[in-house]
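Please keep the sequence and the structure side by side as you go through them.

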Amino acid sequence: MQRILSAFLILFLSIFSVQAAEVVSVEELIEAIEREDDQIWNRFGDFHKIHQKLNWLENKQYEEAQAADLLIKYGSYKIIEKLDQAAFLRVFPHLELAFQRQEVRKSFRNDYLMEYSYGWRRLFAWNNLRLSYKETQKQNKRLPSLFLDTTGQFLGNKENKLLGISWFGFKSLVKLAICDGYKPAAWDLVRVYRFKKEIKLSPVLSYLLLLRVDPKYVQLIEKKKWQGEIDQHLTIQDQQKFRSLLKRKDKLAETISYCKA
């Protein structure tokens, strides 16, 4: 009985959160932006639902734009913004009139996309990482592997600014990959963690990343070896507990500091 009541409560809260966003009218959105209340965008915080509205071709363009180099990043941001806006209005078509106003589009870009958009956040992460890579190449140096744990704190030489820039990019990828479950960011982390050895993850983050990897890439990652490393640190009960967190964003945020709003 208790399980049934819990399931009903979760369903009710999810429906209520969707309705809370949908009741934002054109007038309410415009008025909030005119008084510079950017908190109005928090009502649309479920970006996963918006991202799902991109079709296969659009999503391909979306991911290609995220991989662009720093020299053309502004063109990439425009592509990402255009696709995000199209997806957003497919979920909330009643707000199309509001988006005819320049101040609404500007606020959407600066106050919403920079906070919630998978595309903007992944491109931002890679811009930070590319900057640190280019600077280390100029100095003919190699950055030591950064250790990331569940606290979300910078565990490195605080005097090394390039390490700080690099950590900021990795932190953004961790949030996208593990907290939001964005598959391209998860594969980014796999490459820098398993192949390039540029970061070290705590056993918990390592396990959660393994769970987030797109199944079509599993054959490329030596899954048995990876799982064996995790088994040395986490019991079966531990793994079951952390696996269950991926179904509850609130509980995940309590355990993994990266996932806090």
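Predicted model: local features only at pLDDT ≥ 70, side-chain atom pairs only at ≥ 80, totals over all residues.

1. The protein chain has 13 helices and two strands, and buried residues make up 44% of its 261 residues.

2. The next point concerns the covalent link. A disulfide is a covalent bond between the sulfur atoms of two cysteines. This structure holds one disulfide, formed by cysteine 179 and cysteine 259, with their sulfur atoms 2.0 Å apart. Cysteine 179 belongs to helix H8 (residues 161–179) and cysteine 259 to the segment after helix H13 (249–255), so the pair ties together parts that are 80 residues apart in sequence. The link is left-handed, with -80 degrees about the S-S bond, and both cysteine 179 and cysteine 259 are buried.

3. Turning to charged side chains, the count of salt bridges comes to 14. One of them joins arginine 101 and glutamate 34, at 3.1 Å from N to O. Arginine 101 sits in the loop between helix H5 (73–91) and H6, whereas glutamate 34 is in helix H2 (residues 26–34), so this pair ties together parts that are 67 residues apart in sequence. With a relative accessible area of 32%, arginine 101 is partly exposed.

4. In one, the side chains of arginine 122 and aspartate 188 meet at 2.7 Å, N to O; arginine 122 lies in helix H7 (residues 118–138) and aspartate 188 in helix H9 (residues 183–195), 66 residues apart. Both arginine 122 and aspartate 188 are buried. In the other, arginine 194 pairs with glutamate 229, the closest N and O atoms being 2.8 Å apart, and this links helix H9 with helix H11 across 35 residues. Arginine 194 is buried, with a relative accessible area of 9%, while glutamate 229, at 29% relative accessibility, counts as partly exposed.

5. Which side chain of opposite charge is nearest to arginine 212, a buried residue without a salt bridge? It is aspartate 180, which is 7.2 Å away, whereas a salt bridge requires the nitrogen and the oxygen to be within 4 Å. Arginine 212 lies in helix H10 (residues 203–212), and, leaving aside neighbours within four places in sequence, its contacts include Cys179, Asp180 and Leu252.

6. Lastly, lysine 223 lies in helix H11 (residues 223–231) and, at 42% relative accessibility, counts as partly exposed. Beyond its neighbours within four places in sequence, lysine 223 is in contact with Leu210 and Val218. The C-alpha atoms of lysine 223 and leucine 210, which are 13 residues apart along the chain, are separated by 8.2 Å.

Conventions. Residues numbered from 1 in each chain as written. Heavy atoms only, no water. Disulfide = S-S within 2.5 Å. Helix = DSSP H or I, 4+ residues; strand = E, 2+ residues; numbered from the N terminus. Buried < 20%, exposed > 50% of the residue type's maximum accessible area, 1.4 Å probe, protein only. Lys, Arg positive; Asp, Glu negative; His and termini not counted. Contact = heavy atoms within 4.5 Å.
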